[in-house]
Amino acid sequence: MTKIQVGLAKDVPPGTMKGFKAGDARILISLNDGKFYGIADRCTHRGCALSKGRMEGEVVTCPCHGSRFNLKTGAVVKGPAEVPEPAYPVSIEGEGIWVDV
Ligand code: FES
């Protein structure tokens, strides 16, 4: 795994999510209950950007066909997607958001 700084903690206010580039990947960072979480920003159904979807609590809804994923674990909450999103360890160092990808 490689540790990459993807952005700044202030870019993700509490209760929101944002997509960041991390090398060749895109990571969706969310801040929930005071903790940052990272999952892939690419729906496992047909590849739409989850960062363009809607966040409700700890669940994101894909803008394309409505699959729902848990932002903390990447688990599928509702299909049509069947495969969970990869989840990435996130840490805050200084003002930066770091992800192990
Ligand atoms: S691409 Fe996300 S639900 Fe189809």
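Which residue in S9 does Gly 38 stand opposite? Gly 38 faces Tyr 88 there. The points below set that pair in context.

1. **Basis.** This is a predicted model: local features need pLDDT of at least 70, side-chain atom pairs count only at pLDDT 80 or more, and totals for chains, interfaces and linings use all residues. Residues are numbered from 1 along each chain as its sequence is written.

2. **Overall make-up.** The protein chain has zero helices and 11 strands. Helices (H or I, at least four residues) and strands (E, at least two) are DSSP runs, numbered from the N terminus. Along the sequence the pattern reads β-β-β-β-β-β-β-β-β-β-β.

3. **Size.** The C-alpha atoms fill a box of roughly 40 × 25 × 20 Å, taken along the principal axes. For 101 residues, a compact globule would have a radius of gyration near 13 Å; the protein chain has 12 Å, which agrees. That radius is taken over C-alpha atoms, and the globule rule is 2.2 Å times the number of residues to the power 0.38.

4. Of the 101 residues, 31% count as buried. A residue is buried if 20 or more other C-beta atoms lie within 10 Å of its own, exposed if 12 or fewer, and partly exposed in between; C-beta atoms are placed from the backbone. Two residues are in contact if their C-beta atoms, placed from the backbone, lie within 7 Å. Among contacts between residues at least 6 apart in sequence, 39% join residues at least 24 apart.

5. **Core.** The largest nonpolar core has 24 residues. Such a core is a set of buried Ala, Val, Leu, Ile, Met, Phe, Trp, Tyr and Cys residues joined through C-beta atoms within 7 Å. Val 6, Ile 27, Leu 28, Ile 29, Ile 39, Val 90 and Val 99 touch the most other members. Strands S2 (17-22), S3 (25-32), S4 (35-40) and S11 (96-100) each supply at least two residues. S3 gives the most, with four.

6. **Val 90.** Setting aside residues up to four places away in sequence, Val 90 touches Ile 29, Phe 36, Tyr 37, Gly 38, Ile 97, Trp 98 and Val 99.

7. Strands pair if DSSP finds at least two bridges between them. S3 and S4 run antiparallel and are joined by six bridges. Ile 27 stands opposite Ala 40 in S4. Their hairpin has two residues between the strands, and Asp 33 takes a positive phi near 50°. S4 also pairs with S9 (residues 87-88), antiparallel, over two bridges.

8. **The four-strand sheet.** An open sheet runs in the order S5-S6-S7-S8, with antiparallel pairing. S5 (54-56) and S8 (76-78) stand at the edges with a single partner strand each, so one side of each is left without a neighbour in the sheet. S5 and S6 (residues 59-61) share three bridges. Arg 54 stands opposite Thr 61 in S6.

9. **Arg 68.** Arg 68 is found in S7 (residues 68-70). Arg 68 counts as partly exposed because it has 18 C-beta neighbours inside 10 Å. Beyond four places in sequence, its contacts are Val 59, Val 60, Thr 61, Val 77 and Lys 78.

10. **Lys 3.** Lys 3 lies in S1 (residues 3-8). With 12 C-beta neighbours inside 10 Å, Lys 3 counts as exposed.
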